[in-house]
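Please read the points below with the model open beside you.

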Amino acid sequence: IGIIGGGTDVEPYASTHGGACLSMAINIRQEITFDDSLPESVIPKGADWKFYDKFFDVLDYHPKHFRADFDGEITGGIGSSASAAVALVGAIARARDIKYDKDEIARIAWDIEVNKQGLFGGKQDQWAAAYGGVNLFEFTDKVKTTSFSPEFIKPVLPYLMLFHTGKNRKSAKIQEGFKELTRDQIRYLDDIKELVPEAIRVIKRGDIKELGSLLNVSWEYKKRSNKGVSNSEVDDLMSRAKNLGALGGKSSGAGGGGYCFFLVDPLKQGQFKKDIGIKWVDASVDWQGLSTRII
């Protein structure tokens, strides 16, 4: 989940202006298993065989059979392709006994996904999948990672609710709206970036109401920065959530559908789940990040 800062991690803004994202890895995980005893290879519903083949070709590793599993829904806005990419790079590196650190794995995963496959997008998802936990990612021509302890995000977690709208979308197409930036787009991305340090201060104070306000402001800037991130259905959902008592929220990832999250008073969450009309998803922080092992 990109809490604040999404869009500023996309090129060319990230390299030319410097991006920043406050990000939280969640425990909806991708798993890649290389197993020659399998009768055939298996991938999740909605996934594309070409995606996996490209990683095998670029990294020159071709397992006889493999199994890919995912806890969530593909093209949902929670970094499904990025986490699959990180899992693939990590698994191949382990199988070939190559020693990459997490930053290198994230960089290779992003390069193959974005530059080799043309799935245009930002960088925060790959780094979140590799590192796990809650992090501040700062983007220039490199990525600087500042990790927070569990105590930092603890005040937020009781309020955080993740949902799926029931509508999937292709994030790469939406993100392409950032390829050639207008002056207005740069201004709105600057505005989003300026909210990141304020969000960190607010979370440290445990001021969830103010964090909700920042999320709402960020969502308005995000819509203005790229017209593809919202539509009438998403706008109606956000309005309905506020009327039902959400302190704040936003569509996750590139927007346009898929997953969304809201901050809701714990005492109101039962009724909120009933009334919001979309699927609640049970998720929390994944502190592990990438893990590989020989079975």
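1. Among contacts in the chain between residues at least 6 apart in sequence, those joining residues at least 24 apart make up 75%; a contact means heavy atoms within 4.5 Å.

2. This is a predicted model, in which local features need pLDDT of at least 70, side-chain atom pairs count only at pLDDT 80 or more, and totals for chains, interfaces and linings use all residues. Residues are numbered from 1 along each chain as its sequence is written, and side-chain values use heavy atoms, with hydrogens and water left out.

3. The chain has 11 helices and 10 strands, counted as DSSP runs (helices H or I, at least four residues; strands E, at least two). Its radius of gyration is 19 Å, close to the 19 Å that the globule rule gives for 295 residues, so the chain is as compact as a globular protein of that length. The radius is taken over C-alpha atoms, and the rule is 2.2 Å times the number of residues to the power 0.38.

4. Of the 295 residues in the chain, 51% are buried, meaning under 20% relative accessible area (1.4 Å probe, protein chains only).

5. The structure holds 13 aromatic pairs, that is, rings of Phe, Tyr and Trp (its six-membered ring) with centres within 6.5 Å. In Phe 148 and Phe 152 the ring centres are 4.1 Å apart and the planes are at 15°, so this pair is stacked (planes under 30 degrees apart). Both residues, Phe 148 and Phe 152, are buried.

6. One aromatic cluster is formed by Phe 34, Trp 49, Phe 51, Tyr 52, Phe 55, Phe 56, Tyr 61 and Phe 66.

Methods. Buried means under 20% relative accessible area, exposed over 50%, partly exposed in between (1.4 Å probe, protein chains only). Rings of Phe, Tyr and Trp (its six-membered ring) pair if their centres lie within 6.5 Å; planes under 30 degrees apart count as stacked, over 60 as edge-to-face and the rest as tilted.
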